[in-house]
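Morning, everyone. Have a look at it first.

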Amino acid sequence: MEADIGADGGWVPWGAGAGVAMVEAAVAEVSAVSGVDRQEAAAQAEVGSIKARMDKEKDLNELVARLKQAAGSNLSAVVLYGSAVDHDFGEHSDLNVLCLLHRLGGAVLESLRPVGLWWSHKGHPPPLVFTFTELRNSADVFSIELLDMKARHRMLEGADFLAELQVPMAQHKLQVERELRVNVIRLRQSYLRIAGRRSELAELLIASASSFGTLFRHALIALGQEAPSSAREAADRLAKLFAMNAAPFHLVLDLREGKSAGGEMNLEAVFEPYVDLVTRVAEEIDRRLAS
């Protein structure tokens with residue numbers, strides 16, 4: 001389902017428009033929910049968001065305390081990065097943490113393992129562990145991650161080492177191209193192994209949107225444009241640039257952010273144009289960066 005150019009030079013997304021029709025149908029289903037239901041859902045989401053913030057702050061404080069106890073003077077810094085840094089993060093925002101140590105070897109990892117197990121049992125991603133030398137020397141191959149980390153982070157312990165970290169851009173374009181392809185492949189594989197339960201598809205869409213939102217912003221950077229402030233803006237700008245429709249991506253972000261009545265949304269109808277959209281972006285980036 002690729003975009004066709006109309007006789008007037010305009011564009012018709014996804015061939016005969018089947019993808020747009022499915023998205024419009026999904027939007028119509030969501031719109032059918034009463035205003036009262038939407039207000040109740042919004043109120044519940046706000047309560048849930050406040051509780052999530054309180055719970056996650058408690059977890060972060062305890063993590064730092066446990067790391068200091070386990071690592072002692074070897075602990076240089078602890079930093080929170082990603083969407084959880086924002087004040088409006090919700091239940092789908094992971095607590096992504098990087099721990100900077102002066103020395104890092106097998107014995108150090110063993111001392112940190114109980115902390116990592118506790119953190120994982122709380123439902124959070126395992127912390128990243130680096131020395132500053134390792135981080136500086138690998139900055140060229142982790143340009144996407146470190147650029148985002150520099151732009152959006154919060155120090156939980158120690159000095160802000162990210163402020164002085166220089167991120168080389170020589171490999172940035174190649175990393176963007178590769179990560180877009182990898183995430184499209186991963187999305188297809190994950191879809192093929194889900195059992196068809198609605199909750200599984202919702203989680204797959206929500207998880208993938210976070211990755212693609214980041215990559216959409218970096219795709220624009222790779223094309224020589226200024227980084228947009230949000231994933232939504234990045235999707236809209238790429239859609240305009242590549243003559244596509246960003247509606248499927250916006251619907252998935254609405255689902256992720258609790259802004260839609262997810263129980264009423266036809267997720268299967270959203271998935272098809274969504275996967276076509278991200279595939280097309282990967283293809284266009286590949287073509288344009290190669291030229």
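Contact here means heavy atoms within 4.5 Å. Among contacts between residues at least 6 apart in sequence, 71% join residues at least 24 apart.

Ground rules. This is a predicted model: local features need pLDDT of at least 70, side-chain atom pairs count only at pLDDT 80 or more, and totals for chains, interfaces and linings use all residues. Residues are numbered from 1 along each chain as its sequence is written, and side-chain values use heavy atoms, with hydrogens and water left out.

The chain has 10 helices and 6 strands. These are DSSP runs numbered from the N terminus: helices are H or I, at least four residues, and strands are E, at least two. Of 291 residues, 41% count as buried, meaning under 20% relative accessible area with a 1.4 Å probe, protein chains only.

Now helix 7, residues 198-222. Its axis comes within 11 Å of that of helix 10, residues 267-290, and the two cross at roughly 25 degrees. Axes are lines fitted to C-alpha atoms, over the stretch in contact for helices, and angles run from 0 to 180 degrees between N-to-C directions. That makes helix 7 roughly parallel to helix 10; the cut-off is under 35 degrees.

What about helix 5, residues 143-151? Helix 5 packs on helix 7 at about 95 degrees, axes 11 Å apart. The pair is therefore roughly perpendicular, a term covering 65 to 115 degrees. Ile144, Leu147 and Asp148 of helix 5 meet Thr214, Leu215, Arg217 and His218 of helix 7.

Conventions
Parallel < 35°, antiparallel > 145°, perpendicular 65-115°, else oblique. Buried < 20%, exposed > 50% of the residue type's maximum accessible area, 1.4 Å probe, protein only.
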